[in-house]
Every structure is written in structure tokens, then in C-alpha cells.
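Please consult the sequence and the structure shown below while reading.

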Amino acid sequence: MPAYRAPRGTRDLLPAETPAWTRLERLGADLASRYGYRRIETPLFEQSEVFERGIGAVTDVVEKELFRIAPRTDEAESWALRPEPTAGIVRAYVQHGMQTWPQPVKLSQLGPMFRYDPPQAGRYRQFWQFDVEAIGDPGPAVDAEIIELGTRYYRDAGLEGVEVLLNSIGDPTCRPAYVAELTAYFDAHREALPELERTRLERNPLRLLDSKDPAMAALNAMAPRITDRLCEPCAEHFAAVRAHLQALAIPYRLEPGLVRGLDYYTRTAFEFYVAGREGQQQALGGGGRYDGLVELLGGRPTPAIGFGIGLDRLVLALAETGVTEPAESAPIAVVVGADPDATSHRLRIATDLRAAGLGARAELGRRKLGKQLEAAARDGAHFAVIVGDELADGDVGLRDLPAGTQKVIPIADLAREVGRAHAAHRHGPPGGGAGSA
Ligand code: AMP
């Protein structure tokens, strides 16, 4: 056993795993920019109050899962690692006066989040989220646009059959009366409530609706539904979101139990699941409208909506469905040679190839030429550049490894020749058949 290990609930992403992450990060950045979301980076930690006020003190995320940073004696402020991106982004929106920018301000971020969750499959203490936020747009069209963007992200990532669960959780006009009614309903069935749910009832009764405890299934099925209690404006908004989704041909399923864990949500709430797995599995991603958050964090009342898509669970789901990542790019050329003391020549030639934009590696060790060539083939390189006696005349050997052919060419022509031959190999001869790689 090594003396030091990554902290419990965190992982090292090793080179065999990172191509999936690189691909998903690029996809997120590309989609965000196509949809007009601009990149923002906020600190990995914030004043704890940003989360306590923004997310709500009586939520699992703040109560149980917030990674608080132990204060140093000389500092009055208390900080916490970000458990989700929205509160920090809204803090930045207020701090930098983005209310004066043309609205909506559409922002995107992709990075690590931290929650002190009990670690298990798909639940880590450091995980990654791709996040978009449209701040300053009351919807309902942008609600549908954001949900469509989420479904496209999964589809482009290669995960088929992602289902959208949709709900509206009302607003401060209609929700309080509903929460009172719900509390009375559960109170009347107090005896049937599991212990944990009984304590939740006092503090955050909406959370009982998304309880995963099987004992709650029957009770929840009979519970009053928020969507039957929405005030007129919320009901109209919800109907319009659904109409827009229909117009975009985005299938969704209404899920009255979907309340999301965080206090700041209003109206539209949604989650993404692998279809058929809603019962046993955690959500792949989720989001919703948070019309009260900007004001809560000190700004003017500003409607907003966003989502957070977890990359860790997406990578797991892709692996489960057998989606494999394209092979990592091999070096195009490996520079080899029989003279163990000619390292600096090999290094310089590889450096020149790289400067010309080609992936190249030089053999820097002292192994035999045969071993060097074997290693080059094992790396999947297209060419071996062989540095030998011809160097005195300004020439090197160029071996096409898959074709098994070799010729001598001037070093001055090397980069051009390698680049041209590699491109032809990949794309096939001009006007001719398919390439072989
Ligand atoms: P939430 O804000 O809890 O709805 O989280 C949004 C998404 O982030 C989830 O759907 C997950 O994909 C991901 N996520 C949340 N918590 C974790 C965690 N502890 N480990 C891995 N992914 C998580």
C-alpha cells in the first residue's frame, strides 16, 4: 500500500481515461459558443454565505455536503468550495454590474465541483459539471432552448435515449400555499413516514416528494401536485415551455415529484436521465429557473435559468453503453538512429518537425536501432526518420512503417514530405479511394 492516496471520494483521471473528458469538454465549449453562451470562470471557493443564502441553509448541499475551508485565525471571512456553479456565477453577475449589459447575459462554465457526499459509484467528492446560465430572460422560450441544448449535448456525446423529466415548482405567489397543503398532507400520514422523512418534513417538505425511499412511493403518488396548484402566470409559463419543447420535437415526461434539491429554483425544473433508469439511478444532469436568486445575492430582481450536467456520470453511462473513445493520436514520426551519441541531432530534427506542426518524438535513449524501430511501430507512428551516415550530406532515411518502404531525402524537405504523405495517407489519394486510417 502506498503511503499517500488521493482523498476518499476523489479520483485521478489517468491518461487512458482523459480522452473522454477532453472530448466532452470540447463538445461543451463548442455547443455553448454555438448557442451564444460565453465562457466565465469563477473561483473554486466563495464566501460560504454565497452558498448559504443562494442555495438555502436548509438543503442537503449546504447542511451536509458543503466543503468548508477551516478559517485561519486572522481571517474573519469563512469560505467553502463550490458545490455547484450557479451561486458563484450569479455572485459575479451582481459584482460586475452585468445588469447593465445587454440582457440576457448567457454564460457557461466547465469545471470541478465539491460536495462532501458519501462516496459511491457516480457520486464523488470532486466531480465535473458543464454548466450554462441565461440570466435576464424571463422565458418561456429560453427554457425550452436550454433543455434542447442539454439533450443535444448528450446526443452529440454519443449517449442515446436520454429522457427529459419536467416539472414546474411555482413561484413565491403559489408555492407557499402548496407547501402548507403538502405539509398538512404528510402530517396526516406522519405514522407512515420513515424517520429521515419525518425530520425533513419540519424543514423542507418539498424534498419528501423526490425521496428515493420505497416506503414513500405510495404516499407520494397520492400527494397533492404543485402543477394543479400553480397561479395563473406560472401555469401559463409552464404551458408555454411545453409548447416550445413540442415545437422543437424534444420529448419530455412530466414528473410532479421533481423538485430539485436547492431552494433557489422557481417554475421550470428539469432533469436528464438514461431512459428507463429513473428509479434506480441518479440524474445525469439537471437545472431549472431561478428567478429569485439574483435579488437574493444583492442584485435587482432578474429572471434566470440554467443547467448543470455532470461529466462523471455521463462518462460512466457512455462506458456502460459501450461507447468507446477514438484512439489517442499517435506521433506521426519517430526520429531514430544507430549512433547512441547522435541524440542532439535526433532531438533537433524532432523539434523542427514539431515546429512545423507535426506530432513527433525523438528516441532519446541508447537502445539498439532495431528496438527503436519496434518501439516506433508499437507507438503507431506513421514514419521513422532514420538519422545515419547520410546526415553528413544533409539527408536522412524516411521509412513509411505501415507500407514498409524507405527512401533517402534531404532534411530540408523532411517536414514538407512527412506532412504531405501523412495527409495523403489519412485522406486517401487526391480524387481517389478512401484513406486507410
Ligand atoms: P445537482 O445540482 O445535484 O442536480 O447536480 C447536477 C448534476 O451534477 C447531477 O445530475 C450529476 O450529474 C452531477 N453531480 C451532482 N453531485 C455529484 C456527485 N457527488 N458526484 C458526481 N456527480 C454529481
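How many bridges join strand S14 to strand S15, and do these strands run parallel or antiparallel? The model under discussion is a predicted one. In it, strand S14, which covers residues 383–387, is joined to strand S15, residues 395–400, by 4 bridges, and the two strands run antiparallel. Within this pairing, alanine 384 is placed opposite arginine 399 of S15. In general terms, the strands of a sheet pair through backbone hydrogen bonds, in either a parallel or an antiparallel manner.

**The sheet of five strands**

Strands S14 and S15 belong to an open sheet of 5 strands, arranged in the order S13-S12-S14-S15-S16 with mixed pairing. The edges are formed by strand S13 (360–362) and strand S16 (405–410); each has a single partner strand, so one side of each is left without a neighbour in the sheet. On average, neighbouring strands of this sheet are turned by 25° against each other, direction ignored.

Two helices accompany these strands. Helix H13, residues 369–378, lies across S12 (333–337), S13, S14 and S15, and runs at about 175° to S12. Helix H14, residues 411–427, packs on the sheet and touches S14, S15 and S16. The direction of H14 makes about 140° with that of S16.

**The sheet of eight strands**

A further open sheet has 8 strands in the order S1-S5-S6-S11-S10-S9-S7-S8, again with mixed pairing. Strand S1 (38–39) and strand S8 stand at its edges; as each has a single partner strand, one side of each is therefore left without a neighbour in the sheet. Strands S5 and S6 pair in the antiparallel sense over 10 bridges, and phenylalanine 114 stands opposite glutamine 126 in S6. Helix H5 packs on this sheet, where its contacts include S5, S6 and strand S11 (304–310). The direction of H5 makes about 15° with that of S11.

**The loop between S6 and H5**

Which residues does aspartate 137 touch, leaving aside those up to four places away in sequence? Aspartate 137 lies in the loop between strand S6 (126–135) and helix H5 (141–157), and it touches Pro104, Val142, Arg289, Pro303 and Ala304. Although aspartate 137 and alanine 304 are 167 residues apart in sequence, their C-alpha atoms are 5.8 Å apart in space. A polar atom of the side chain of aspartate 137 also lies 2.8 Å from the backbone nitrogen of glycine 139.

| Residues joined by a cis peptide bond | Omega |
|---|---|
| Glutamine 103 and proline 104 | about -5° |
| Glycine 139 and proline 140 | about 5° |

Proline 104 is situated in the loop between helix H4 (86–95) and strand S5 (105–114), whereas proline 140 lies in the loop between S6 and H5. Another backbone feature concerns alanine 249, whose phi is near 60°, a positive value in a residue other than glycine. Alanine 249 is found in the loop between helix H9 (232–247) and strand S8 (253–254).

**A pocket**

The second largest pocket has a volume of about 290 Å³. Its lining consists of 12 residues, of which Ala330, Ile332, Gly380, His422 and Arg426 lie nearest its centre. Classified by type, the lining of this pocket has 6 nonpolar, 5 polar and 1 charged residues.

Methods
Residues are numbered from 1 along each chain as its sequence is written. This is a predicted model: local features need pLDDT of at least 70, side-chain atom pairs count only at pLDDT 80 or more; totals for chains, interfaces and linings use all residues. Side-chain values use heavy atoms; hydrogens and water are left out. On a 1 Å grid over the protein atoms alone, a cavity is a set of points where a 1.4 Å probe fits but cannot get out, and a pocket is an open set with protein on both sides within 12 Å along at least five of seven lines; lining residues have an atom within 4 Å of a point. Grid points are joined across faces, edges and corners, and a volume is the space filled by probe spheres set on the points. Ala, Val, Leu, Ile, Met, Phe, Trp, Tyr, Cys and Pro count as nonpolar, Asp, Glu, Lys and Arg as charged, and the others, Gly among them, as polar. Two strands pair if DSSP finds at least two bridges between them. Axes are lines fitted to C-alpha atoms, for helices over the stretch in contact, and angles run from 0 to 180 degrees between N-to-C directions. Contact means heavy atoms within 4.5 Å. A polar contact is a pair of N or O atoms within 3.5 Å; within protein, one must be able to donate a hydrogen and the other to accept it, and residues adjacent in sequence count only if both atoms are side-chain atoms.
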